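Please look through the structure below with its sequence alongside. The text after it goes from the pairing of the chains to single side chains.

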Protein chains: 2
Amino acid sequence: MNHYSYNGKVLHVNLTTRAITEETPSQHVYRRYLGGGALSLYYLLKEMKPDTDPLGPENLLVFAASVLTGTPAMGFSRYTVAAKSPLTGGFGESEAGGWWGPELKFAGYDAVVIKGRAEKPVYLWINDGKAELRDATHLWGQYSKETQTMIRDELGDNKVRIALIGPGGEKLVKYACILNEIKHANGRSGLGAVMGSKNLKAIAVRGKKRMGLHDESRVKDISQGFINNFKNSPDALALGELGTAGFVTAANAMGILPTRNFREGTFEKAEDISGELMRDTIQVGRGACYKCPVRCKRKIKVDEAPYSVDPDYGGPEYETIGAFGSLCGVGNLKAVARANQLCQAYTIDTISTGASIAFAMECFEKGIISSEETGGLELRFGNADAMLKMIEMIGNRDGLGDILADSMKEASERIGNGSHKYAMHVKGQSLPLHEPRGKVGVALAYAVSPTGADHQEAPHDSLFEYDAGVEFARPLGIIEPVPALELSHKKVRMFVYLQQLYSLFNSIGICNFTAHPWGPVSINGLVDYVNAITGWDTSLWELMKVGERHSCMARIFNTREGITYEEDILPGRLFEPLNRGPFEGNKIDMEDFKHALKMYYEMMGWDEHGIPNDSKLQELELEWIKDKLD
Amino acid sequence: MNHYSYNGKVLHVNLTTRAITEETPSQHVYRRYLGGGALSLYYLLKEMKPDTDPLGPENLLVFAASVLTGTPAMGFSRYTVAAKSPLTGGFGESEAGGWWGPELKFAGYDAVVIKGRAEKPVYLWINDGKAELRDATHLWGQYSKETQTMIRDELGDNKVRIALIGPGGEKLVKYACILNEIKHANGRSGLGAVMGSKNLKAIAVRGKKRMGLHDESRVKDISQGFINNFKNSPDALALGELGTAGFVTAANAMGILPTRNFREGTFEKAEDISGELMRDTIQVGRGACYKCPVRCKRKIKVDEAPYSVDPDYGGPEYETIGAFGSLCGVGNLKAVARANQLCQAYTIDTISTGASIAFAMECFEKGIISSEETGGLELRFGNADAMLKMIEMIGNRDGLGDILADSMKEASERIGNGSHKYAMHVKGQSLPLHEPRGKVGVALAYAVSPTGADHQEAPHDSLFEYDAGVEFARPLGIIEPVPALELSHKKVRMFVYLQQLYSLFNSIGICNFTAHPWGPVSINGLVDYVNAITGWDTSLWELMKVGERHSCMARIFNTREGITYEEDILPGRLFEPLNRGPFEGNKIDMEDFKHALKMYYEMMGWDEHGIPNDSKLQELELEWIKDKLD
């Protein structure tokens, strides 16, 4: 048996020189990094110097699918975009599902590594093993939908898959996102701004390449097995029924639905922004990613102004509903759906946009931001119309929107007057919609995530809830749940193991909603599948080490950029009592939190300053990185 | 699906009080420790105080099968005996195949934990869920074969499986072993002496209990799959053809066959002690362990004196041939086979016995030991008859044999006169038959093995050879061999991963000759099998952590007994040039070795003194051990 059968290519594009080259990475590279986040970090650390301006031509922008993206089984639609983040100044990474990643593979590439800056706006067109840069001057300034339509028309093919930016990315909103199919977002870390800074409007891909499969009949059997399991996966079926929006009602009942800029843990109008309401009112259909039977995406439609919504933009996810609903105090689903569409049109991250507006609302109510500064907007919690207006101001960098378009850290520094107390961010990236005072494991996850506060650092269920969570952790040997409010070594251990698992997921390109326990792909099934595709004779041990490698490289990346353990902190509000709901009065204990950080570093094999020691780098075959640190 | 379906019992026997009780361990205990070495350490650390006299009644003696021992698939015959070792004063552990372990399971128990000391000699009779202590006064002093026959006659059942000691164990030879079927040895660590010190002559087991299998049809399929793979496993088939004795010729050709007390790397008479010669002359059949089609055991017969051999005692393994052949300079297969039989009759470890005699031979030739001290024996290299006489003197603790019956460290201290330079041991346990100067990874393995120098700390192929070895390591992500003479971080990493794998094997009860690449059981197949048996939904990650837990607990055990990192050393000779053969002139580099130790501690998550830190204990769910350290 040939153990070395995975073959792939990486496309390198220099926008400054317009040079386009192909690389054929070694099996070592594929096995050590797989794709996605880990493969991106490999290129970022190898090819980019420290202290690079994230919005300068020297920043590297990596689009990375994985060895599994686009293979026949359900769940492997994902790809990563990564760069030095303009939002945090550290490692930036964000995953998206949809259709672009698989199509990149069919076009012949596992990844695209982009350097430099185009003189004028361009888009990259990758068509079945050929790549070219095309003029995008006429596309500049267009919203996402128009951009997609114009490129498809130009290329004469409606099946071209396009990763693109709208005006938010062009105007360097620090948390601009990248969309494919104008609804699947590489949402966080501000990677759309990096695209904008490079004058790169879009990457269009199309291909007919048939991927090599080591053992076709085994791939077929395993894929069918996943489908069979899916039919008996209640969580995946429920997810299909309500989408992630289904979590609104649950989170509110549990008291962990961040409300009015994290002042409260429940929202009195949660029913008015719920997934159930969406299904029963504005939903007109469901959508899916490549090969996925879960179909958790929503198609929604609102005809009447001012909240009209075009179904092509997709429906709001849980995070988006939380950000524009409870966090801004807006109990109006149509307004939230309209906010979602505006963000998609401008390509700005819904979480950061909503969180920035909620922050500004609190500052306005406290008199820190005046009506003059808002251009007359009564920017109060619950004012949907002011919120929608602010989205456009951010997308256009108008007035106060120009300030809020920077990281929340920068914004609060510019606003001053004690506003930092209300700036709910870690390392500049605003908190997603999970209240740590009701599930304290997330406090640790937010603090140590290399990209700043992130809800995809580890599975929430395991970290936060009492029981369901252990389903994720059981195959790793954690057979008892750890109570939601316990920030003990048991919680830290669970986080360490699950962070590695999720870092693996983010490198291997599997959607966590298709992985057990949410979905039908068990982690042992995943190993089988990798072997059937690649013939590597790999194991979960090797794959989990890819996850650890990812975390370790990200840490090194941030260390290199001068981000120290002193930034593994949380906004002060989390150490103050939560208002309302089941966890009213609860706060993160500072001593527990500091001790958890210490244990986390130790369990990771890092020193007391959170830096991986030499032997850890060597164990992970990352000794080459040491040269990059000098 | 019930994830918690493994049920088992542990028998506790107090020889002092004659109390016999049953314990039903929790699923936590079974998943964390599985059986064998790890389960033994769990009891040793939990129930035994530090500074216990290894030959006193307070020492704990654990016989532990595993959750898989005796299940239907090939390869799961193994069980562990463990105690505080009288040889090293630290952790003592040794595995044996054969038939005793499976029969213990059929009798209803996963393990037997023995405390105290019987007033008079006894044996333990475990019969289908019932256990009793029986008088063994009449058996005391009997050789192993006679003991086995007498007990079987007494119990009226020739299928009773008996773990027993002969006179060597009774007389507290510090490296006395325990045999089942008078040929399968728990050879190392001197556990037979612990049995002797407790006046426990034997444990006889018999049972008809049918073990519960979580998914019977899956167990059947997997078992059949292993058998099918076996038919295409060239290494396993070759092992069946020549037994481990087949390695003599190979080791000699490679220059790593320890000769004349590790002075030389090849033996000019290797052909005269080879596996091929054995097959073609004295071999009369093959033997096997429970359910194993490999059949690597030998049946040999020599009729004529003085080297007559009874086939019931089995044939010499590679280690035995090396110890009595090349290491003692004896180029006579029949003499070696006779030496093997004598050791089995007395139940003394063949490796330590041969090594002790080789050590004495060098001392004799150098004039450190006189003819007077040997009782007139010309104890020179190559003198087979003197060697055979010395075995009996050791077994009976006669004259010089009484000195050599202690650990090699103690013996050299008593002999004095610079003899320590020729005492080839680590922590008191003599080196097995693998020359580290030709495969330097073994130097690290010998130094850090918790039981003293041991050849089962990690698979040799991977550590020592150029190519074949990586077969073991590939599924763990090491896809390139590390050259035999390179003691770099790559070798350390390979050792760390493979030590965990072998520690898992020693806890789960699989024979490494049935595991891939030697045999047909891949490590992913092993995970499937554990799940089919137990219904646990476990993964290789969890199982490898059992291996790490084992290493970590053993380290804590030794730390508790005052064994520090300063004893992670090698005999001085290994830092001097090797004579003869392909590796002539080669030596271990002291700086490389010290650096490798440092890297090893770091990669294990231990401090600079080789002690696991608190977070590592917590990660491995061993926080309870901290109480045992105070």
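**Two chains and their contacts**

Across the interface of chain B and chain A, 18 residue pairs are found in polar contact, both residues of each pair being at pLDDT 80 or more. That confidence score is used here since this is a predicted model. Several helices of chain B each supply at least two residues of the side that touches chain A: α1 (27-33), α20 (489-508), α21 (523-534), α22 (540-560), α23 (590-604) and α24 (614-619). The largest share of that side, six residues, comes from α22(B). By type, the residues of the side of chain B that touches chain A divide into 13 nonpolar, 13 polar and 13 charged.

How many residues of chain B are in contact with chain A? There are 39 of them, and they are in contact with 39 residues of chain A. The two chains bury about 3800 Å² between them, and 51% of this is on carbon and sulfur atoms. On the side of chain B, the residues that lose the most area to chain A are B:Arg474, B:Ile479 and B:Trp541, together 20% of what that side buries.

Next comes the way the copies are arranged. Two copies of a chain are related by a rotation about an axis and a shift along it.

Charged side chains are the next topic. Side chains of opposite charge can pair when their charged atoms come close. Two salt bridges are found across the interface of chain B and chain A. In a salt bridge between the chains, the side chains of B:Glu621 and A:Arg493 meet at 3.3 Å, N to O. Over all chains the count comes to 94 salt bridges.

Other salt bridges lie within a single chain. In chain B, the side chains of B:Arg161 and B:Glu181 meet at 3.0 Å, N to O. This pair links distant parts of the chain, 20 residues apart: B:Arg161 is in strand β9 (residues 161-164), and B:Glu181 is in the loop between β10 (178-180) and β11 (184-186). Are these two residues buried or exposed? B:Arg161 is buried, because its relative accessible area is 14% and buried means under 20%. B:Glu181 is buried as well, at 10%.

Both residues of this pair are also in contact with B:Arg152. B:Arg152 is found in helix α4 (residues 144-155) of chain B, and its relative accessibility of 11% counts as buried.

A:Arg260 and A:Glu268 meet in a salt bridge through their side chains, at 2.7 Å, N to O. A:Arg260 is buried, with a relative accessible area of 13%, whereas A:Glu268 is partly exposed at 45%. A:Asp303 forms a salt bridge with A:Lys301, their closest N and O atoms being 2.8 Å apart. At 59% relative accessibility A:Asp303 counts as exposed, while A:Lys301, at 36%, counts as partly exposed.

Key: Residues numbered from 1 in each chain as written. Chains lettered and ligands numbered in written order. Predicted model: local features only at pLDDT ≥ 70, side-chain atom pairs only at ≥ 80, totals over all residues. Heavy atoms only, no water. Contact = heavy atoms within 4.5 Å. Buried area = accessible area lost by both parts, 1.4 Å probe. Salt bridge = Lys/Arg side-chain N within 4 Å of Asp/Glu carboxyl O. Polar contact = N/O pair within 3.5 Å; in protein donor to acceptor, adjacent residues only side chain to side chain. Helix = DSSP H or I, 4+ residues; strand = E, 2+ residues; numbered from the N terminus. Nonpolar A, V, L, I, M, F, W, Y, C, P; charged D, E, K, R; others polar. Buried < 20%, exposed > 50% of the residue type's maximum accessible area, 1.4 Å probe, protein only. Lists of a residue's contacts leave out its neighbours within four places in sequence.
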